[in-house]
Amino acid sequence: MKSGEFTFTMIKPTAVRLGKLVPILHEIDHAGFTVIAMKMTRLSREQAERFYAIHKERPFFDELVCFMSSGPVVAIVLQKENAVLDFRKLIGNTNPQNAEEGTIRKKFAISVQENAVHGSDSDENALIEANFFFSQFEIFPLNEDFS
Ligand code: GDP
């Protein structure tokens with residue numbers, strides 16, 4: 001997997017519960033991303049704390065960890081040129097009220113916390129987050145020889 005060519009996303013519990021997985025995947029596909037790894041799983045409280053460790057001093061940390069471990073999520077690695085920035089554009093602002101028309105968060109988020117999807121904010125974090133959920137045997141980049 002080449003840095004710069006992939007990003008990590010997670011469909012958050014509310015979006016999964018409301019049946020938005022397939023509609024969101026449709027948007028992602030339409031924007032030219034290829035799914036190269038995917039699993040439905042449920043984070044324990046401890047795993048959610050680790051995933052969001054960078055936010056542990058923020059006032060909403062406890063609520064966020066509770067929410068993210070409240071039900072199944074779908075973890076996905078996506079391949080595309082310029083994946084991290086293009087995906088951040090596709091999902092829109094963290095707060096759906098400020099998200100641009102046509103973005104995934106504008107269409108599917110119900111609040112700043114329950115904002116439908118996660119998207120890595122750097123190539124470095126995309127790698128860390130992909131490795132958090134997937135082993136090297138569970139990611140299938142395009143144009144690699146598996147024979
Ligand atoms: P992102 O990179 O756009 O996801 O935003 P951040 O990294 O700043 O925040 C991580 C996640 O924490 C967001 O996606 C939201 O689910 C949640 N979050 C961010 N800001 C707030 C807030 O002010 N209140 C609450 N309750 N949750 C927030």
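Predicted model: local features only at pLDDT ≥ 70, side-chain atom pairs only at ≥ 80, totals over all residues.
A polar contact is a pair of N or O atoms within 3.5 Å.

**Ligand surroundings**
- The residues around the ligand include Lys12, His55, Arg58, Phe60, Glu63 and Leu64.
- Arg88, Thr94, Arg105, Val112, Gln113 and Asn115 are also among the residues that surround the ligand.
- In the side chain of Arg88, an N or O atom is 2.9 Å from an oxygen atom of the ligand.
- Arg105 has a polar side-chain atom 3.0 Å from an oxygen atom of the ligand.

**Lys12**
- Lys12 sits in the loop between β1 (6–11) and α1 (13–17).
- Lys12 is buried and has no salt bridge; Glu114, the nearest side chain of opposite charge, is 10.0 Å away.
- Beyond its neighbours within four places in sequence, Lys12 is in contact with residues including Tyr52, Phe67, Met68 and Val73.
- Arg105, Gln113 and Asn115, which are among the residues surrounding the ligand, are also in contact with Lys12.

**Glu129**
- Helix α7 (residues 123–133) contains Glu129.
- Glu129 is buried and has no salt bridge; the nearest side chain of opposite charge is Arg88, 7.7 Å away.
- Apart from its neighbours within four places in sequence, Glu129 is in contact with Phe8, Phe51, His118 and Ser120.
- His118 is also among the contacts of Lys12.

How values were computed. Residues numbered from 1 in each chain as written. Heavy atoms only, no water. Helix = DSSP H or I, 4+ residues; strand = E, 2+ residues; numbered from the N terminus. Buried < 20%, exposed > 50% of the residue type's maximum accessible area, 1.4 Å probe, protein only. Lys, Arg positive; Asp, Glu negative; His and termini not counted. Salt bridge = Lys/Arg side-chain N within 4 Å of Asp/Glu carboxyl O. Contact = heavy atoms within 4.5 Å. Near = heavy atom within 4 Å. Polar contact = N/O pair within 3.5 Å; in protein donor to acceptor, adjacent residues only side chain to side chain.
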